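Thanks for coming, everyone. Let me put the structure up, and then I'll walk you through it.

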Amino acid sequence: MQDDKIVMLMDDGSEVEFTILESTILGGVGYILVTDAPDDEDGDCYVMKDVSGPDDEEAIYESVEDDDEYEAVFNVFSELLDGEIDIEK
């Protein structure tokens with residue numbers, strides 16, 4: 001399990017710090033599973049998709065909105081983290 005932090009700029013201009021729980025690449029697209037929970041506490045998890053372009057200096061992530069895509073990526077993260085953390089859909 002990773003323990004990297006990432007700060008995301010929200011649509012309203014605020015910054016939110018997330019912990020990256022896992023990352024994977026499916027079909028050439030990068031995905032991360034992040035949480036807003038402090039260490040060792042329960043919180044929400046989010047599946048984020050890397051939508052960065054080749055000329056972007058920083059990674060750009062968006063929430064996965066497509067139900068089929070979300071289900072596929074979520075299942076991969078569930079398998080990767082089996083037993084490490086308890087994630088529910």
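Which strand has the lowest mean pLDDT among the elements, and which the highest? Strand β1, residues 4-9, has the lowest, at 87. Strand β3, residues 29-35, has the highest, at 94. pLDDT is the predictor's confidence in each residue, from 0 to 100. Across the protein chain it averages 86, and 89% of the residues score at least 70.

Some ground rules. This is a predicted model, where local features need pLDDT of at least 70 and side-chain atom pairs count only at pLDDT 80 or more, while totals for chains, interfaces and linings use all residues. Residues are numbered from 1 along each chain as its sequence is written, and side-chain values use heavy atoms, with hydrogens and water left out.

Now the layout. The protein chain holds one helix and five strands. Their order from the N terminus is β-β-β-β-β-α. Helices (H or I, at least four residues) and strands (E, at least two) are DSSP runs, numbered from the N terminus.

Let's stay with β3. Five of its seven residues are buried, so β3 is largely enclosed by the rest of the structure. Buried means under 20% relative accessible area, exposed over 50%, and partly exposed in between, with a 1.4 Å probe and protein chains only.

What does β3 pair with? Two strands pair if DSSP finds at least two bridges between them. β3 pairs with strand β2, residues 15-26, in the antiparallel sense over seven bridges. Thr 24 stands opposite Tyr 31 there. The β2-β3 hairpin has two residues between the strands, and Gly 27 takes a positive phi near 60°. Five bridges also join β3 to strand β4, residues 45-50, again antiparallel. Here Leu 33 stands opposite Val 47.

On to the cores. A nonpolar core is a set of buried Ala, Val, Leu, Ile, Met, Phe, Trp, Tyr and Cys residues joined through side-chain atoms within 4.5 Å. The largest has nine residues, among them Tyr 31, Leu 33, Val 47 and Phe 77. α1 gives the most, with three. A second, separate core has seven residues, including Met 8, Ile 20, Ile 32 and Val 34.

Is Ala 59 buried or partly exposed? At 48% relative accessibility, Ala 59 counts as partly exposed. Ala 59 and Lys 49 are 10 residues apart in sequence and 10.0 Å apart in space, C-alpha to C-alpha.
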